[in-house]
Amino acid sequence: MKAPASPALAHRVRRLAHLDLPGAGQIVVEGGYAYVGHMKPPHGTTILDVSDPRRPRVVAAIALEGEESHTHKVRVVGDLMFTNVEHNDRRRLRRARRVREARERLRRALGREPSGAEIAARAGVQESEVAALEACLERPYRDGGFKVWDISQRSRPRLLCHHRTGGCGVHRFDADERYAYISTEMEGFLGNILVIYDIRDPARPEEVSRWWLPGQHVAAGETPQWEGQQWRLHHALRCGDRLWAGCWYAGLRVIDISDIRAPRTVGAYNYHPPYPEPTHTVYRVPFPVAGREVALVTDEEHEHVRGQPHAHLWIFDVADLSAIRPLATFHVSELDSPWSRAPGRFGAHQFQEHLEGTLVCCAWFAGGLRVVDIADPAAPREAGWYIPEPCGGNPSPQSNDVDVDGRGLVYLVDRNCGLDILELEIR
């Protein structure tokens, strides 16, 4: 029996350029420049001139001091650049908090000092980790927040402010000319919440309002009905007077901000369980598609268990916010990438967060770039793809984020190594 052929690495997509940039969390392309937020210190944010897409060149590279923070997310509004500041190993910090909480709860319940084994069992960690995790809480993390930069001279970014928030700091976020919509931990809350800032004076952001899921405000006596930080804001994107929010294992929420000082939930849909991967991004398509009002949703392949569905793309009908309903899903088969079972993740992560037509560019970890046509939102179809080969000695590509510029060129970054500039050959 003949072995099946390896999948083609590209279809109707061709590469114009490649750079072995350090691993990236996000890329934004605006006005002939690309802005890349890097996953790991000392690399902070890189600005590239991409006016000639075949010869991209670095014009500025912001380095970080120390190893405690990373600034892997970035937004650009005119001559302002926003970068997050987040604990570089937030998962370890969150495990440490679970250990501390487990010790306190067991002490109260048992009336004695619990053993390391008892703490480990309660916190869901290894007994050998307990002492080291508790030690990492002895020096509190105080730098979490976001930075605002003047980039009127792209080659010389100038820091305007470092606004500190709380906890592990800021993850992904959105921004416009007037407000920043920040996903961050805050004192007294469990997991990331939404904090909206007025940025009329970018050197002095002013908090306007907060929004959270009921149960997150533990300092006010709210009680979560979930384990750990399973329900929390990932980030929210603005469309008109509403924010469209991915809320991890709480699914999606629609938040009305017509009164910016009093955000309120006006729509919700949660498909966890049975779907195992958390809700990452929710994007309201700003125009009708085949006569329907739709939103795109992507889950993030996080801790995939074989036998369960991989993270994928959803299309929702959102004409009636009181009755949001799924129209379709789009999946990529493991057979469609030679690295689907190599070390690393395989499923979906992110798509372009602005749309003008019905082609949606998605970053699919070891599946690379997937171009999905949603012209029929009830039957999305794949129009093209591009799978980068691993670089930097990594066992698989890990396509992490994607953006599309005004020329229709696609920019794909890898969380470990690499930037590819791509041209679609789709008519």
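The questions below move from the whole chain to single residues.

This is a predicted model, in which local features need pLDDT of at least 70 and side-chain atom pairs count only at pLDDT 80 or more, while totals for chains, interfaces and linings use all residues. Residues are numbered from 1 along each chain as its sequence is written, and side-chain values use heavy atoms, with hydrogens and water left out.

Me: How many helices and strands does the protein chain have?
Reply: Helices (H or I, at least four residues) and strands (E, at least two) are DSSP runs, numbered from the N terminus. On that basis, the protein chain comes to three helices and 30 strands.

Me: What is the radius of gyration of the protein chain?
Reply: The radius is taken over C-alpha atoms, and the globule rule is 2.2 Å times the number of residues to the power 0.38. For 427 residues the rule gives 22 Å, and the chain is close to that value, so it is as compact as a globular protein of that length. The C-alpha trace spans about 70 × 60 × 50 Å along its principal axes. The radius of gyration is 22 Å.

Me: What percentage of the residues of the protein chain count as buried?
Reply: Buried means under 20% relative accessible area, exposed over 50%, and partly exposed in between (1.4 Å probe, protein chains only). Of the 427 residues, the share that counts as buried is 56%.

Me: Which residues of helix α2 are buried, and why are they on the same side?
Reply: Helix α2 comprises residues 116-123.

Me: Which helices do the buried residues of α2 pack against?
Reply: Contact means heavy atoms within 4.5 Å. After α2 comes Gly124, whose phi is positive, near 75°. The packing partners of the buried residues are α1 (90-110) and α3 (130-135).

Me: Where does Pro42 lie?
Reply: Most residues other than glycine have a negative phi, and most peptide bonds are trans. The bond from Pro41 to Pro42 is cis, with omega near 10°. Pro42 is located in the loop between β4 (33-38) and β5 (43-49).

Me: What is omega of the peptide bond that joins Pro273 and Pro274?
Reply: Pro274 belongs to the loop between β19 (264-269) and β20 (279-284). The bond joining Pro273 and Pro274 is cis, and its omega is about 15°.

Me: Is Ala290 buried or exposed?
Reply: Ala290 sits in the loop between β20 and β21 (294-299). Its phi is positive, about 50°, although Ala290 is not a glycine. With a relative accessibility of 60%, Ala290 counts as exposed.

Me: Is Phe365 buried or exposed?
Reply: The loop between β25 (359-363) and β26 (369-373) contains Phe365. Phi of Phe365 is near 45°, a positive value in a residue other than glycine. At a relative accessible area of 0%, Phe365 is buried.

Me: Which residues does Asp198 touch, not counting residues up to four places away in sequence?
Reply: Asp198 is part of strand β14 (residues 193-198), and with a relative accessible area of 6% Asp198 is buried. Its C-alpha atom is separated by 33 Å from that of Ala96, 102 residues apart along the chain. Beyond four places in sequence, Asp198 touches Arg178, Tyr179, Arg204, Pro205, Glu206 and Val208.
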